[in-house]
Amino acid sequence: MPPRRRPQFTQESIDQQLQQIHLLDQASSSENLEQLGPIIKQIHANRQQEIYLRTLQSLMESKDSEIESICGDNYQEFISSVSTLFSIKSYTTNLREKITTLDSSVSQVGKSLVEKKKALLQTKKTAANLDEAIDGLQACLRVLDVVNRVGEMVKEGKYWSALRSLEDIESMPPTSLSTTPLFQHLLSSLPSLRGQIKDAVTASMKQWLLDIRNVSAQIGQLALEAMDLRTRRWRSRRDKDPMLKSSRVGSAVEAITYEKTEYNVLDNDQLKVDFKPLYECIHIYTALDSLDEIRRSYQADRKAQSDLIIPEPLPLPSLSSITQEIVGYFIIETHVLNTTGSFRSEREVEDLWDALISRLSKAVEDALRNEKDPDTYLKVKEALLGSVMTLESYSYSTGSIHSLILRLFEKYVSILESKFGKRFEDIVAQDDFQPMYVERAAEKDDVLETVWLTGEQREQLVQSTAPLNLPWSQGFYLSCQDIRSFVQNFYQFIEGVSQHHRNIDELLSRSLDIILKTYISESIAKRIQSTTNLSQLSQIITNLEHFEIACSELERSLTNIRSSQRGGTIRVMAAASFAGTRNKALARVTEAMSSKLDDFFGLAEYDWTPKTREDAPSMYLYELVNWLTTVVDSLALKDEYKEEVYRGAVGYIASCFMDFLTGRDYPMMNENAIANLLLDADFLDEELKRGGHTHSAAFTELRSTASVVMSDAVNAYLVASIRQTSYAAVKPKRLQALLEKLARYGQECRDPPSRERGEKRRKEAEAVGRLFPGENR
């Protein structure tokens, strides 16, 4: 504050003040000194005593002059005035002394008062400064306390409270503290404190990620156990209610039922997963406007964790625990997706899912590349199928895993085919091809439960009493048993797989056809080639017939099973292969009989140039017919197959007779030999007809060829119209050979008629050869 200016007293102001003072008031009997107090006080306060005194002295002198003037005019009055002046002087003197005394006293008191006032003002100023400093310190302490509590809240995990505290500091109203360097320093450190909060909540989330990775397998295990319990409950209920037979776990009907007892794998008596660290982190990053940053970080971390789930190479014994971890991993992802709003997108989760399942598929297929044990495939399928059913309930697309299961299924079926194929080959190789004997009724019932038969056949055998010989051999029974085992193993793998029924049906059809055709039918065909025993061959034919029946019955029973599960029709095409093999067996019977027939023909002693014709057939034919009928009738075959055997045997006999006529073994013959051979053919035909076996057609070519020669109808044969109508069975080449043999016989004869006849036959042979070169040779 600038020093106060002291007022300056002028002559005029002092005169005015003195004029106001009436020292001797004529109207008053007392001295009027009260008015002097303020004047003296003012003089003292202004420290103008000397000036005032000088001014007063001057006033006195001026008054004295006035008095003298007045006295000169009026002495008395002057005297009176002098007396008054003397009194005034006396009073003035006294007043002066009093003023001096008072001034001295006031000066001492005022000086002390001024010093005290200065001291008081300084004290007040100091106190104000102290109050201001205290207020500032208290404000600083409050801010510092908030900052300190921010650190404590971060340590305690109260990240949102810590962040709000920083916002409170930043939003404080302006105060004297706002301009201090300390406060500015605090404001500049707020981003660093936010970074500390961000780092702390990120570290908390990273630890949470590690924790959930450690419990993912347990979550998956609980989920798989819950799904297994759910499956068993539904299977039990489905078995009790036929209307639910076609409904599987996860269907609409089952899902409604399961909602009543839904089990939370993330919050139960065994495990509670706390998602608070993740939610806090998302909340903090959202407040810091850095949500994209934590979203990318979370995706990268989860991707890294998913990469660690599947080791390379994949140890198959640990596949179950790996699938548990995969299930737990994606259950957590589903929960995060459903509870964090826009933090996670379905596309991000799908990318993780697709990448992990792709690696799993490759790892499983690599691990099974050289595996030949079907049980291992079953264990892999069970591990994969459990995870499929569980994750389907969380709305994950499991098509790729189903595709993997089906690919594994194809390999599994291929291994089964090889495994069972060897067993079927061993069964066929070790079969004795004798009728299967059962001693007790229980054994018969077991066999009938295993093999496939028509209803009529089964009814006949059921009514038969044990002991008895069954129509088939042990090999057929064992084959049916293994086919059932194969089908059981087939469906054991695919049980629970809900997709691609048609592909499964086609694969089963193809596999059964491979087994039935390649490993059974072709193995039997190989066995046929090495078998000459007619009873074994007949049993093979019977077995093949039952295999044909089994194919149709197997197709019907499997189709009924699949229809109950909404599958398609299963086609077993192997019946044609068994029919073909049966024909081979029949042909083999004919070959075997042909070998014995050759022995009989070896006993025949034909004279190809006899002088006369015989009246009776050759003697060996009696034995031949007796042997043929005995052997064929004793074969355990149906009549139709016996007729096939007869047809084959008679056809072979007819071909042998034709070979006698036209073959190269006998260079010449005459008409008597032809007549004798026709007699034998007629004998055989009649004997077989007597037994109920009509196979005259086998001798048609023989009789037609012989009739051309015997009736001397070669010229008629050369006419196309006659040949096509009357001699269609005659082959020109064979007729030419027979004519050449007759011509050769005529040339060997010495009598002219015979030689002429021989020449005629030669010309006829040449004519037949020219008209039909190369025809039917």
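Let's start inside the chain, at V631, which has its place in helix α20, residues 620–634. Helices here are DSSP runs of H or I with at least four residues, strands are runs of E with at least two, and both are numbered from the N terminus. V631 has a relative accessibility of 16%, so it counts as buried; that word means under 20% relative accessible area, with exposed being over 50% and partly exposed in between, using a 1.4 Å probe and protein chains only. Its C-alpha atom is separated by 9.3 Å from that of S535, a residue 96 positions away along the chain.

Before going on, keep in mind that this is a predicted model, where local features need pLDDT of at least 70 and side-chain atom pairs count only at pLDDT 80 or more, while totals for chains, interfaces and linings use all residues. Residues are numbered from 1 along each chain as its sequence is written, and side-chain values use heavy atoms, with hydrogens and water left out.

Now for the overall picture. The chain has 27 helices and two strands, and 44% of its 777 residues count as buried. Take the contacts (heavy atoms within 4.5 Å) with a separation of 6 or more: 76% of them are between residues 24 or more positions apart.

L586 sits in helix α19, residues 575–603, and is buried at a relative accessible area of 9%. From L586 to G648 there are 62 residues in sequence but 8.4 Å in space, C-alpha to C-alpha. Leaving aside residues up to four places away in sequence, L586 touches I541, Y641, E644 and V645.

Next, some helix packing. Two packed helices are described by the angle between their axes and the distance between the axes. Here the axes are lines fitted to C-alpha atoms, for helices over the stretch in contact, and the angles run from 0 to 180 degrees between N-to-C directions. Helix α10 (residues 319–339) and helix α11 (residues 346–367) have axes that come within 11 Å and cross at roughly 175°. The two are therefore roughly antiparallel: that label is for angles over 145 degrees, with under 35 being roughly parallel, 65 to 115 roughly perpendicular and the rest oblique. On the α10 side, L319, I326, Y329, F330, E333 and L337 meet E346, V349, L352, W353, L356, L360 and V364 of α11. By class, that contact has eleven nonpolar, no polar and two charged residues, where Ala, Val, Leu, Ile, Met, Phe, Trp, Tyr, Cys and Pro count as nonpolar, Asp, Glu, Lys and Arg as charged, and the others, Gly among them, as polar.

How do helix α23 (residues 700–710) and helix α26 (residues 732–748) pack, at what angle and with their axes how far apart? The angle is about 50° and the axes are 10 Å apart, so α23 and α26 are oblique to each other. The contact is made by E701, T705, V708 and V709 of α23 together with R734, L735, L738, L739 and L742 of α26. These residues divide into six nonpolar, one polar and two charged. The buried residues of α23 are E701, L702, S704, T705, A706, V708 and V709, and their cover includes α21 (639–662), α22 (671–690), α24 (714–717), α26 and α27 (752–771).

Just after α23 comes D712, with a positive phi of about 55°. D712 lies in the loop between α23 and α24 and, at 35% relative accessibility, counts as partly exposed. F433 also has a positive phi, about 50°, although it is not a glycine. F433 is in the loop between α13 (399–430) and β1 (435–438) and is buried, with a relative accessible area of 2%.

Two cis peptide bonds are worth a look. One runs from E312 to P313, with omega near -5°, and P313 lies in the loop between α9 (291–309) and α10. Another joins A466 and P467, with omega about 0°; P467 is in the loop between α15 (455–463) and β2 (468–473).
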